[in-house]
Amino acid sequence: SEYFDSHCHLDWILFKSGFGLKEFPKFSQTHLSSSFGGCITNSCAQDMIRSVSELINNTHLSYKNIYGTFGCHPHNAKEWNDTFK
């Protein structure tokens, strides 16, 4: 049966594993089991919006079940401004 991760930071996982955003297909082949059904990757800081957007808007088949959320983590509250909204 498949599993679905309802809260992760896929961009951080990729970067910390030495992969770029566009290398998710390669990453998934070597690091995720065939049971991986998808995830919701979370942007919690202003500087993460672009990377999470790239992940959820990619049209490659391996990205099909990657969804995202955007918000501001309390630790990053000082970044909140009209641009961030």
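I worked from a predicted model.

**Helix 3**

I looked up helix 3, residues 49-57, to see what it hides. Ser51, Val52 and Leu55 are its buried residues. I then checked how they sit around the axis. Their arc is only 95 degrees, so they fall on the same side of helix 3. I turned to the other side of helix 3 and found Arg50 and Asn57 exposed there. Next I asked what covers the buried residues of helix 3. The cover includes helix 1 (10-16), strand 2 (36-43) and strand 3 (66-70).

**Helix 2**

I went through helix 2 (24-31) in the same way. Phe24, Pro25, Phe27 and Ser28 are buried in helix 2. They span an arc of only 160 degrees around the axis, which places them on the same side of the helix. Gln29 and Thr30, on the other side of helix 2, are exposed. I noted that helix 1, strand 2 and strand 3 are among the elements covering the buried residues of helix 2.

**Largest pocket**

I then looked up the largest pocket. It holds about 190 Å³ of space. I listed 13 lining residues. Phe36, Gly37, Ser62, Lys64 and Asn65 are the ones nearest the centre of the pocket. Which elements each supply at least two residues of the lining? I found helix 2 and strand 2. Strand 2 contributes the most, with three residues. I sorted the lining by class and got five nonpolar, six polar and two charged residues.

Definitions and conventions:
Residues numbered from 1 in each chain as written. Predicted model: local features only at pLDDT ≥ 70, side-chain atom pairs only at ≥ 80, totals over all residues. Heavy atoms only, no water. Buried < 20%, exposed > 50% of the residue type's maximum accessible area, 1.4 Å probe, protein only. Helix = DSSP H or I, 4+ residues; strand = E, 2+ residues; numbered from the N terminus. Arc of directions from axis to C-beta. Contact = heavy atoms within 4.5 Å. 1 Å grid on protein atoms, 1.4 Å probe; cavity = no way out; pocket = protein on both sides within 12 Å on 5 of 7 lines; lining within 4 Å. Points joined across faces, edges and corners; volume = space filled by probe spheres on them. Nonpolar A, V, L, I, M, F, W, Y, C, P; charged D, E, K, R; others polar.
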